Amino acid sequence: MRRLINLEPGRAGALLLSAMPFIILVAAYLFYSHARLAENPGDKLLPAPATIAATVHRFAFEEDERSGEYLLWDDTRASLQRLLIALAVSALIGITLGVAIGVLPYLRATLAPFVAAVSLIPPLAILPILFIAVGLGELAKITLIIIGVAPVIVRDLAMRTGELPGEQIIKAQTLGASTWQLVVRVVLPQLWPRLVDALRLTLGSAWLFLIAAEAIASTEGLGYRIFLVRRYLAMDVILPYVAWITLLAFTMDWSLRLLRAKAFAWAKAGTS
Amino acid sequence: MTQVTVKRLWKEFGSQVVLENVNLHIGDHEFVTIVGASGCGKTTFLRMLLGVETPTRGEFLIDGEPLPSEPGPDRGIVFQRYSLFPHLTVIKNLMLGLELRGSPLVSRLFGARRRRALERAYQLLEAVGLQGAADKYPQQLSGGMQQRLSIAQSVICEPKILLLDEPFGALDAGITADMHTLILKLWNLNKMTIFMVTHDLQESFELGTRLLVFDKVRIDPQAPDAFGATITFNIPLKGRRE
């Protein structure tokens, strides 16, 4: 018998194994849902698949009676818009400040401790300040995500910049590079894949802040909807919404991974 | 014409004296090999020439001018490792120096200037025997090929002085002979001054026109850091100047 660490599944086996937890989860749900509904047809906690399907159809393909909009798409558009704007701004702040702090000792001495401190502020704790300062509109929600995500990216990229071998930086100078040229030709190109990694890692907290902000003050959005229907125990809405959010997050993560592999072929994931 | 003069040079790290009273004069187109025990300051000496360490006392003069306190295009460097740019292909690694010099803002060349730079890069690539690998990335090359590229990358900028920090230390013995031929060829072609730190005594005698031995002349067993090393032997060699 070989050691466990040397036993590897084949291609088909790996696929089957990876599908198994999902299948088990769905099967368990179906079983308990059926059991509860058999006991009490009015049970709302684990709605039957047919109920969920009907709800999804109503939210996705039928106009809402009051607003005349397709709620699921409207919520998705609102949430994604907030999330993507916030992530884009965070990425821009992250790469600019991160590289600057990583490359310039004077800026590092000035800003690194400050950024470290800011990154430790629990963003949700200052959400009230945001609401007071910039109101309950889009700006507050987007700002919350940026405050939660940008400092982490800045710190990560500053550290990655510092990890570039000193030999490279010296070599570039002996090839005549100015500070600006060093940034443009040596540092930035090597940090793009790191930025993608940082975005992937912060995607989870970005969604967290988005949902939190929407739950507290919003009139549309995926997080808003979930917290709204919670009052009616509408699990038939909450469950598909959660699955949809997960799918969106997964798709974003997957496309970022694909982008990294395609655009930065020289940088294999996980290696420096 | 490049003259390197070192006058009463001292280097201390805190209370530790690394180099003491180093005096030296190196004429044009010399191939200086530097040997010495580990920790005797030969790499520190090279790093001061490079401009990443500053002397505690004394001075370096290049053609009578004080050495700038940061690395510059007049002094090329080849480290043992890590001095190639992993995000650039071989030919782009080679062109980088030309692009940096020719285009201060965007650092890229276009049109006729780009074609000329590309031509020059391919010429040099052929001279170092890497013409088949132009579009590969550095990490796809063997250690010997990486060092060839690293040397070519420095040489394309035509530095007055080329510094080599144990450039062949990590290579197989079989490859080293080829590398020696290569470095001698480039040295004679560009008429530059080379300073090379090495562990290999035979190599230092074979390549150099001048051999420097760094060692401590005074040793206090109670305070091993109290005295630094200096140049104990400065031996003119035949060399292979052409």
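Me: At roughly what angle do the axes of helix α3 and helix α9 of chain A cross?
Reply: The model is a predicted one. In chain A, helix α3 covers residues 71–103 and helix α9 covers residues 222–229. Their axes come within 7 Å, and they cross at roughly 130 degrees.

Me: Is α3(A) oblique or roughly antiparallel to α9(A)?
Reply: The crossing angle is roughly 130 degrees. Only angles over 145 degrees count as roughly antiparallel. The relation of α3(A) to α9(A) is therefore oblique.

Me: Which residues of α9(A) meet α3(A)?
Reply: The residues of this contact divide into two nonpolar, three polar and two charged. From α3(A) come L71(A), D75(A), T76(A) and S79(A). Facing them in α9(A) are L222(A), G223(A) and R225(A).

Me: How many Å does helix α10 of chain A reach from its first C-alpha to its last?
Reply: Helix α10 runs over residues 235–263 and has 29 residues. At 1.5 Å a residue, 42 Å is expected. The span in the model is close to that, at 41 Å.

Me: Which residues of α10(A) are buried, and what covers them?
Reply: The buried residues of α10(A) are M235(A), D236(A), V237(A), Y241(A) and R260(A). What covers them includes three helices of chain A, namely α2 (49–61), α8 (179–216) and α9.

Me: Is L233(A) exposed or partly exposed?
Reply: L233(A) lies in the loop between α9 and α10 of chain A. Its phi is near 55 degrees, a positive value in a residue other than glycine. Exposed residues have 12 or fewer C-beta neighbours. L233(A) has 13 inside 10 Å, so it counts as partly exposed.

Me: How many residues of chain B are in contact with chain A?
Reply: On the side of chain A, α7 (166–174) and α8 each supply at least two residues. By class, that side has eight nonpolar, seven polar and three charged residues. Chain A brings 18 residues to the contact, and the number from chain B is 24.

Me: Is S107(B) buried or exposed?
Reply: S107(B) is placed in the loop between α2 (90–102) and α3 (111–127) of chain B. It has a positive phi of about 60 degrees although it is not a glycine. A residue needs 20 or more other C-beta atoms within 10 Å to count as buried. S107(B) has 21, so it is buried.

Me: Which residues does P159(B) touch, leaving out those up to four places away in sequence?
Reply: P159(B) is in the loop between α4 (143–155) and β7 (161–165) of chain B. It is buried, with 24 other C-beta atoms within 10 Å. The residues it touches are P73(B), D74(B), R75(B), G76(B), S154(B) and M192(B).

Conventions: Residues are numbered from 1 along each chain as its sequence is written. Chains are lettered from A and ligands numbered from 1 in the order in which they are written. This is a predicted model: local features need pLDDT of at least 70, side-chain atom pairs count only at pLDDT 80 or more; totals for chains, interfaces and linings use all residues. Axes are lines fitted to C-alpha atoms, for helices over the stretch in contact, and angles run from 0 to 180 degrees between N-to-C directions. Helices (H or I, at least four residues) and strands (E, at least two) are DSSP runs, numbered from the N terminus. Angles under 35 degrees count as roughly parallel, over 145 as roughly antiparallel, 65 to 115 as roughly perpendicular and the rest as oblique. Two residues are in contact if their C-beta atoms, placed from the backbone, lie within 7 Å. Ala, Val, Leu, Ile, Met, Phe, Trp, Tyr, Cys and Pro count as nonpolar, Asp, Glu, Lys and Arg as charged, and the others, Gly among them, as polar. The expected span of a helix is 1.5 Å times one less than its number of residues.
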